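The sequence and the structure are shown first, and a description by topic follows.

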Amino acid sequence: MNSFLKFAATVIVVVALSAFSASIWGGKPEKLPDNFSLKITEQMTVQQFIDANNMERQFAKGFLGLADKNDLQKNISEFGSVQQLQSKYKKSLALKTEHETKNWFKIPLKFALWSIFLGVSFFLLSRGKIKSANRKWLYGLSFLIFGIIMGADPSPMGTVKDAVYLYGKAGAIFPPRMIALSVFLLTVLIANKFICSWGCQFGTLQDFIFRLGSNKNDTKPSAVQQYKMPFVVSNTFRALIFGLMFFSAFMFAYDLFEIIDPFKIFKPMVLGIAGGTFIAVMLILSIFTYRPWCLLFCPFGFVGWLVEKLSIFKIRVNYDTCIACQKCSLSCPSTVMDAILKQDKKTVPDCFSCGVCIEVCPTKSVTFSKGRRAKVPEGKFR
Ligand code: SF4
Ligand code: SF4
């Protein structure tokens, strides 16, 4: 089967199985209310305020901080000005909606599965055991578990964009999301973007598609020419999109990624024409260039790239044994190994810890290990 047929088969299987699995999980759509306005006058009692706004008593108790039944007869202005109450209500309603739309069984289960899967991948990579024979299957297994079976949410990119949008729209911070984001960032800090490398459902799907046309060494054969995007271009574009995400959330209470969110491939029934087209473009591009969504658009990709500078485990080169053949940088799916190897660029691009550079090095000089990178000896690559 040529790579385009394999591509079509992959996409059809992902969409069909995801639709089936999402229908089993069910759940409410994760959408904040459009309208946060309150019916309120300063003369109202608390009880009148609750009735006028059709509010659940328990919810009103929480957001107004009512102590007992007697508070119901107090004047609403005793609990804050109209403006203060409006803002408190917005936050409380947004947080309540967030809480109600989450599947509190699935989320901890998904994190437990992530920790097992990432643990195994880390073990294999640090021992140089992720190779052409198993790499594609690990990616396949990753998006099968974390995308098709466990669904689009949560995802690393969702934690960033939803946190920004929620704060921009309602001024609220949802603590469970911040915990999830911290856990994801911790994996980046420990082992170089590991959640992106081996756990992110859309990231691993792109990586799988990229490798459909690769040869037995898991590098690109001439039949499907690979285009390595110049990092300065892709990262400048990604930084602009990152800024635009804040601008649209804070200025217009608008979620920039709502329509084009590619993770919706794992809940295809909510996909519109624009979203479906965007995903198709990203996946077709993935045949020719490495992880286009991650390198051009993803807000977690951008944050992760900043944090990975501090990663404990990363790709390192032992220059005592390196023979400067550059097989590692030529086989790397992006421009990162060239920057790591030669250290001649100001910025090092994202490394997705795929392990190809480790596998192709004839002298075993490339490792995924702990510590600072050694300095390249003067004149090594002249
Ligand atoms: S950068 Fe790629 S792998 Fe990482 S969260 Fe974004 S989509 Fe997933
Ligand atoms: S440097 Fe390139 S080849 Fe090596 S692990 Fe990172 S992305 Fe893969």
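## Contacts of Cys-328

In this predicted model, Cys-328 is in contact with Met-337, Leu-341, Cys-357, Val-360, Cys-361 and Val-366, when its neighbours within four places in sequence are left aside.

## Nonpolar cores

The largest nonpolar core holds 80 residues. Cys-328 is one of those that touch the most other members, together with Cys-298, Met-337, Ile-340, Cys-357 and Val-366. The element that gives the most to this core is α7, with six residues.

## Surroundings of ligand 1

Ligand 1 is surrounded by 13 residues, of which Cys-196, Cys-200, Gly-203, Cys-294 and Gly-301 are the closest. By class, this shell comprises nine nonpolar, three polar and one charged residues.

Several helices take part in the shell: α7 (156-170), α10 (201-210), α13 (292-296) and α14 (299-307) each supply at least two residues. The greatest contribution comes from α14, which gives three residues.

## Domains

The protein is divided into three parts: domain 1 spans 46-101, domain 2 spans 104-306 and domain 3 spans 313-370. Between domain 1 and domain 2, the C-alpha centres lie 38 Å apart.

Where these two domains meet, six residues of domain 1 are in contact with six residues of domain 2. The side of domain 1 that touches domain 2 has two nonpolar, one polar and three charged residues.

Notes
Residues numbered from 1 in each chain as written. Chains lettered and ligands numbered in written order. Predicted model: local features only at pLDDT ≥ 70, side-chain atom pairs only at ≥ 80, totals over all residues. Near = placed C-beta within 6 Å. Helix = DSSP H or I, 4+ residues; strand = E, 2+ residues; numbered from the N terminus. Nonpolar A, V, L, I, M, F, W, Y, C, P; charged D, E, K, R; others polar. Core = buried A, V, L, I, M, F, W, Y, C linked by C-beta atoms within 7 Å. Buried ≥ 20, exposed ≤ 12 C-beta atoms within 10 Å, placed from the backbone. Contact = placed C-beta atoms within 7 Å. Domains from an automatic or database assignment.
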